[in-house]
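Hi,

Here is the structure I said I'd pass on.

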Amino acid sequence: MEKALTISCINMVLNALMAVIKIAVGAVSGSGALVSDGVHSVTDVFSSLVVLIGIKLSGRSSDRRHPYGHERMECVAAVLLSVLVGATGIGIGTAGLRAIAVTQEVVPQPPGWRALTVAVISVVIKEMMFRYTHRAAKQVNSGALMADAWHLRSDALSSVGGLVGILGANLGVAVMDPLAAVVISLFILKAAIGIFADAMRKMTDRSCDEAFEKAVSECVCRHWQVRGIRELKTRLFGSRVYVEVTAQVDGALSCREAFAVARTVEETVRAEFADVKDCAVHIYPL
């Protein structure tokens with residue numbers, strides 16, 4: 001949890017610095033693509049803030065009104081993030097289309113090589129941020145942090161689009177710069193849809209994949225008194241998992257012995273699978 005919070009704070013600071021540099025250089029050089037990419041970085045600051053708040057709230061302990069915890073707050077943060085990112089993409093795309101129409105009438109001055117240098121640096125930094133954030137999100141299993149990681153990857157791709165646009169404008173193809181802004185908006189919208197879809201999947205009590213359920217089954221069946229599994233159900237709750245399993249045991253076992261089997265299996269599953277928040281084991285006598 002602390003690692004996810006630290007990474008979100010680092011991302012906020014880096015995005016804020018990059019936003020200021022891109023917008024300033026883009027405005028001076030007349031590059032619409034670089035200004036658009038800078039505005040995108042501004043939304044990155046807010047998206048990192050949303051992720052930060054979501055992670056903080058999801059880490060709160062269970063209480064009387066929320067007995068299952070607050071893990072779904074990460075999903076809420078991801079949904080808000082997707083809306084913010086989508087709105088930004090639409091705005092940048094609309095501005096780019098308007099600029100294309102203007103470019104047909106008036107040929108603007110090329111952005112210059114300063115804008116190109118900033119675009120190159122942006123691509124490198126964004127890709128590094130993506131790789132670091134993506135690796136950390138997998139380690140801590142944070143859906144909101146993973147959404148922020150893929151948002152950073154879309155930023156890197158959009159920066160590549162901006163780089164191509166600025167390069168084209170410098171070479172005399174003026175329409176390339178606003179066209180790049182439109183392409184950037186498409187990448188942003190794609191990222192927004194992906195973030196929203198992933199968050200909704202985690203908010204609808206979806207079961208885990210077959211590989212995970214098979215691994216849990218094998219874990220349960222390793223107990224020497226478990227003869228088989230009658231039923232296994234899993235449920236995603238934000239970034240965590242609830243497991244409910246009906247284990248078959250010898251009918252001659254006493255209630256105390258059957259309870260001991262259930263308790264041991266529950267503890268084993270929780271210990272072996274870090275994503276499992278709770279495991280309920282029911283006994284079915286043969």
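Glu-266 is the one I'd start with: it is buried (under 20% relative accessible area, where exposed is over 50% and partly exposed is in between, with a 1.4 Å probe and protein chains only), yet it has no salt bridge, meaning a side-chain nitrogen of Lys or Arg within 4 Å of a carboxyl oxygen of Asp or Glu. The nearest side chain of opposite charge is Arg-270, 4.6 Å away (Lys and Arg count as positive, Asp and Glu as negative, and His and the chain ends are not counted).

Before going on: this is a predicted model, with local features needing pLDDT of at least 70 and side-chain atom pairs counting only at pLDDT 80 or more, while totals for chains, interfaces and linings use all residues. Residues are numbered from 1 along each chain as its sequence is written, and side-chain values use heavy atoms, with hydrogens and water left out.

Back to Glu-266, which sits in helix α8 (residues 255–272); helices (H or I, at least four residues) and strands (E, at least two) are DSSP runs numbered from the N terminus. What does Glu-266 contact, leaving aside neighbours within four places in sequence? Cys-279, Ala-280 and Val-281, where contact means heavy atoms within 4.5 Å. A polar atom of the Glu-266 side chain also lies 3.2 Å from the backbone nitrogen of Val-281.

Arg-270 does have a partner elsewhere: it forms a salt bridge with Asp-278, with the closest N and O atoms 3.5 Å apart. Arg-270 is partly exposed at 30% relative accessibility, and Asp-278 is too, at 34%. Also in α8, Arg-263 and Glu-267 are four residues apart, so about one helical turn separates them. Their salt bridge has its closest N and O atoms at 3.4 Å. Arg-263 is partly exposed at 42%, and Glu-267 is partly exposed at 41%.

The count of salt bridges comes to five. Another one of them joins Arg-131 and Glu-127 (3.2 Å, N to O), both in helix α4 and four residues apart. Here Arg-131 is exposed at 52%, whereas Glu-127 counts as buried at 19%.

Helix α4 itself (residues 113–140) has 28 residues and reaches 41 Å from first C-alpha to last, close to the 40 Å expected (1.5 Å times one less than the number of residues). Just after α4, Asn-141 takes a positive phi of about 55°.

On packing, the largest nonpolar core has 23 residues; such a core is a set of buried Ala, Val, Leu, Ile, Met, Phe, Trp, Tyr and Cys residues joined through side-chain atoms within 4.5 Å. Ile-55, Leu-81 and Leu-145 have the most contacts inside this core. Helices α1, α2, α3, α4, α5 and α6 each supply at least two of its residues, and the largest share, six residues, comes from α6. A second, separate core of 20 residues includes Val-226, Phe-273, Val-276 and Val-281. Leu-145, in the largest core, has contacts that include Ala-4, Val-51, Ile-55 and Thr-133.

Last one: Arg-240, in strand β2 (residues 240–249), is partly exposed at 24%. Arg-240 and Val-276 are 36 residues apart in sequence but 5.9 Å apart in space, C-alpha to C-alpha. The Arg-240 side chain reaches the backbone oxygen of Asp-275 at 3.3 Å, and Arg-240 also touches Glu-71 and Lys-277, among others.

Cheers

Conventions. Polar contact = N/O pair within 3.5 Å; in protein donor to acceptor, adjacent residues only side chain to side chain.
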